[in-house]
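Let's take a walk through this one together. Keep the viewer open and follow along.

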Amino acid sequence: MKLSIHGCRGSTATSSPSTQRYGGNTTCFEISTENHQIIFDAGSGFQNVKFSDQHESFLLLSHFHHDHIQGLPFNPELFDPKNEIIISSGLCDIELVKQTIQKYFSPPYFPIDVVSLLSNIKFLPFNAVREKLDKDISLESVLLKHPGGSTGYKLIEKNSSFVYLCDNEFADDQRKSLANFSKNADLLIWDGMFTEKELADKKGWGHSSIEQAIDFNSIANCKKMIITHHAPYRSDKELDQIAVELPELFTLARDGLEIKV
Ligand SMILES: [Zn+2]
Ligand SMILES: [Zn+2]
């Protein structure tokens with residue numbers, strides 16, 4: 001599998017000169033497997049996803065906060081009818097997924113009704129997506145702690161595993177279950193929007209800290225962890241300072257970063 005990061009900024013996109021190196025686009029992670037293109041969330045980074053000519057494209061939404069869906073109609077390739085995309089989520093019933101996306105991208109919030117207009121946007125229940133994937137791929141979901149709910153995903157192809165945990169407010173009662181879900185993953189994506197110091201004033205906001213990633217991995221034992229959902233005010237300079245203090249297997253997400261899983 002290959003991971004491409006198209007958006008790693010949390011909550012709102014930023015275009016400040018001080019955030020350009022890590023990038024200002026909101027959440028969008030793309031995994032290419034042998035026969036599929038699987039996109040996790042469609043934040044503003046989704047506008048830079050290149051549709052695969054050969055592979056079926058899936059978009060798995062963690063939840064509906066605007067920073068995870070706002071990029072959907074801004075990918076110009078979506079207006080080419082041959083580029084079909086199958087949207088799904090482990091969070092709720094597929095009718096609710098469709099209704100929510102349609103409402104967000106319709107007047108008065110958006111100029112056109114995107115879902116009615118583009119018949120190449122399809123919606124499929126999560127279990128049907130799991131069945132559609134190659135036989136050597138397993139896809140699981142886990143409910144995360146976030147206002148309104150959020151879904152984490154685990155994708156395993158052959159012997160490689162990718163775990164996506166965004167957005168999540170890490171809590172003690174998740175320690176065991178989430179560590180079991182993530183155990184020994186080759187690559188895990190962690191919501192590290194805040195530092196431990198900032199988190200003290202942000203209880204209930206639905207996000208975790210960078211330091212909690214290190215603590216979590218002492219039990220989950222993942223081979224590599226990528227910290228994402230950077231606070232919109234976090235400058236490149238601050239992120240560089242954080243990066244040098246992290247243990248070797250931790251990387252800070254950056255728009256444009258590609259990693260083999
Ligand atoms: Zn978010
Ligand atoms: Zn959220």
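The zinc ion (ligand 2) is held by His63 (NE2), His65 (ND1), His146 (NE2) and Asp167 (OD), at 2.1 to 2.6 Å. Donors here are N, O and S atoms within 2.8 Å of the metal (3.2 Å for Na, K and Ca), and since water is not among the atoms, sites may look incomplete. Along the chain, these donors are spaced H-x1-H-x80-H-x20-D. Histidine 63 sits in the loop between β4 and β5, while aspartate 167 belongs to the loop between β9 and α4, so the pair ties together parts that are 104 residues apart in sequence. Helices (H or I, at least four residues) and strands (E, at least two) are DSSP runs, numbered from the N terminus.

A quick word on ground rules: this is a predicted model, where local features need pLDDT of at least 70 and side-chain atom pairs count only at pLDDT 80 or more, while totals for chains, interfaces and linings use all residues. Residues are numbered from 1 along each chain as its sequence is written, chains are lettered from A and ligands numbered from 1 in the order in which they are written, and side-chain values use heavy atoms, with hydrogens and water left out.

Back to the metal. The four donor atoms around the zinc ion (ligand 2) subtend angles of 91 to 169°, which makes the arrangement irregular. For that label, four donors count as tetrahedral if all angles lie between 85 and 135 degrees; four count as square planar and six as octahedral if opposite donors are over 155 degrees apart and all others between 65 and 115; anything else is irregular.

Now, what bridges the zinc ion (ligand 2) and the zinc ion (ligand 1)? Aspartate 167 does, and the two ions lie 3.5 Å apart. The zinc ion (ligand 1) has Asp67 (OD), His68 (NE2), Asp167 (OD) and His229 (NE2) as its protein donors, 2.1 to 2.2 Å away. This site is irregular too, with angles of 93 to 167° among its four donor atoms. Its donors run D-H-x98-D-x61-H along the chain.

Stay with aspartate 167 for a moment. At a relative accessible area of 1%, aspartate 167 is buried, and histidine 63 is buried with a value of 1%. Buried means under 20% relative accessible area, exposed over 50%, partly exposed in between (1.4 Å probe, protein chains only). There's also a cis peptide bond between cysteine 166 and aspartate 167, with omega at about 0°. Another cis bond joins proline 107 and proline 108, where omega is about 5°. Proline 108 is in the loop between α1 (94-104) and α2 (114-117). Most residues other than glycine have a negative phi, and most peptide bonds are trans.

Serine 11, in the loop between β1 (2-7) and β2 (28-32), has a positive phi near 70°. Asparagine 184 has a positive phi of about 60° although it is not a glycine. You'll find asparagine 184 in the loop between α4 and β10 (187-191), partly exposed at a relative accessible area of 36%.

Finally, look at glutamate 196, in helix α5 (residues 196-199). Glutamate 196 is partly exposed, with a relative accessible area of 38%. Leaving aside residues up to four places away in sequence, glutamate 196 touches Ser209, Glu211 and Gln212, where contact means heavy atoms within 4.5 Å.
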